[in-house]
Amino acid sequence: MLQSNFLSKTLRKNPKDSVAISHQFLVRGGYIQQLTSGIWSLLPLGFRVYQKIENIIREEMTAVGGEELRMPALQPKEIWTASGRWNSIDPPLFKFKDRHKKELALGSTHEEVITKIAGSFIDSYKDLPKYVFQIQNKFRNELRPTAGLLRTREFVMKDMYSFHATNQDLDAYYLKVAQSYKKLYSRCGLEAMMVNASSGTIGGDSSNEFIVAADSGEDNIFLCPDCGWATNSEVGGSLSVCPQCQAKLIAKKGIEVGHIFKLGDTYSQKMKALFMDERGNKKPIIAGCYGIGLERLMATVIEVNHDSKGIIWPQEIAPFQVHLLGLDLEDEKVLSRAQEIYQKLKSINIEVLFDDRKETAGVKFKDADLIGIPWRLVVSKKTGDKIEVKERREGKEELFTENQLLDKVKAIF
RNA sequence: CGGGGUAUAGCCUAACGGCCAGGGCGCCUCGUUUGGGACGAGGAGAUUCUGGGUUCGAAUCCCAGUACCCCGACCA
């Protein structure tokens, strides 16, 4: 991709009212733009990162047996009155009427819709278990959106739902999903802790949150350094000692990047999603649900992967794998050299962003730091027929020949 | 929703109640530059959020509305 073709531009100054680092760098780097409070566009650069995260999540959910589907954002009032949540869910639904005066809502979560679907196909214990997920826009009438992408009113969520004949089967699968969550966060460059959590208005028997430690986070958690037990202060209160091993707990701030629930038969009971067991008894289906907010995950990555100059993307979700800066491009020899490197990298399927703009070296370096692609290459008069290579995170510059560069790149990606 | 704050060009901002709302970034033109946000000259770009009020005179003071931000609300 040629940087001269970008729609967005970088900004020198932080947006006026911005506080969160991720908010500042995402806007300044040209990744996102605000439409109105809590509602954001993902610009081409931001959308590339988003798509990488989406694909990682899709892969991991598929790996634990999930089948992808898509449920509607527009939902009728009836299913929400059936579950008893039309007026009680928090944050509230965006509600409105269609031209026939029929009441509708924009879905903030999909337990109602999926329970209706599952109930219609699952008749017997022989039909269980089943696992489905979607990656879809959610709408939440938040009291107050905050911090750029960290809390918004419209966002994309991966929501997975599992259906089981027994609580034991749910428990086993729940652990499996929890493991896949850890793996997925790690692929995104994050270390997430699983903590005991409140189930809020989703309901159910118990739930766990995945928290990434960050001073900018708004969740307070207590963590046991010895056995790894952890809880959100919402449920744990102000504990000082681990209930499992009596070690002294550590208090930390963090960002919630996922929440999984053992719903049990909460929705199946209310919405009559029943199956017949081995003895011919009708029973409510046992369910679990598992959610991740994608834009929040993206912002959280930046909260814990940046320096004073800009973002430092982890390899797997960077918008491009390498950033090639062409300096002195008015010099024919340098220009054709840079274009040659650009084409060679593309021909071995490296995602390369080529800064071919008519800008000074300083501008290109500053923008590269801000945008945060993990590997920076420079071709200029000074580098001659070599290529300067620098890792965004480490910051040491090395001169490579073309073959050394190609070998290195093949080894990394 | 309760509390607090802000609103001046695409972005960041200045302006005691007093001349034509000033500057920086970005944008256009010309020239000089070119390894860490270059320099000079010229140019375009504003209903100072909206509506009322006070005043000889309002970006500035008052009232109302709106929008956005921050703290609070068991939120992915």
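Predicted model: local features only at pLDDT ≥ 70, side-chain atom pairs only at ≥ 80, totals over all residues.
I'll start with the helix pair. Two packed helices are described by the angle between their axes and the distance between the axes. For helix α9, residues 332-347, and helix α11, residues 402-412, the axes come within 11 Å and cross at roughly 30 degrees. With the cut-off for roughly parallel set at angles under 35 degrees, α9 and α11 therefore count as roughly parallel to each other. The crossing of α9 past α11 is right-handed. On the α9 side the contact uses R337, E340, I341, K344 and L345, and on the α11 side E402, L405, L406 and V409. Sorted by class, that contact holds five nonpolar and four charged residues, and no polar ones. As for the spacing of such positions, an α-helix has 3.6 residues a turn, so residues three or four places apart point the same way.

Next, helix α1, residues 21-28. Just after α1, G30 has a positive phi of about 80 degrees.

Now strand β16, residues 286-293. Here eight of the eight residues are buried, so the strand is largely enclosed by the rest of the structure. Both faces are covered, with I286, G288, Y290 and I292 on one side and A287, C289, G291 and G293 on the other. Which strands pair with β16? One is β8, residues 154-164, which is antiparallel to β16 over eight bridges; in that pairing M160 stands opposite Y290. Another is β13, residues 250-264, joined to β16 by five bridges, also antiparallel. There, H259 has G291 of β16 as its bridge partner.

Three strands in the order β4-β6-β5 make an open sheet with antiparallel pairing. β4 (74-76) and β5 (94-97) are at the edges with a single partner strand each, so one side of each is left without a neighbour in the sheet. On average, neighbouring strands in this sheet are turned by 35 degrees against each other, direction ignored. Between β5 and β6, residues 103-106, there are four bridges in the antiparallel sense, and K97 is partnered by E103 in β6.

Definitions and conventions:
Residues numbered from 1 in each chain as written. Chains lettered and ligands numbered in written order. Heavy atoms only, no water. Axes fitted to C-alpha atoms, helices over the stretch in contact; angles between N-to-C directions. Helix = DSSP H or I, 4+ residues; strand = E, 2+ residues; numbered from the N terminus. Parallel < 35°, antiparallel > 145°, perpendicular 65-115°, else oblique. Left-handed = near helix turned anticlockwise from the far one by under 90°. Contact = heavy atoms within 4.5 Å. Nonpolar A, V, L, I, M, F, W, Y, C, P; charged D, E, K, R; others polar. Buried < 20%, exposed > 50% of the residue type's maximum accessible area, 1.4 Å probe, protein only. Pairing = 2+ DSSP bridges.
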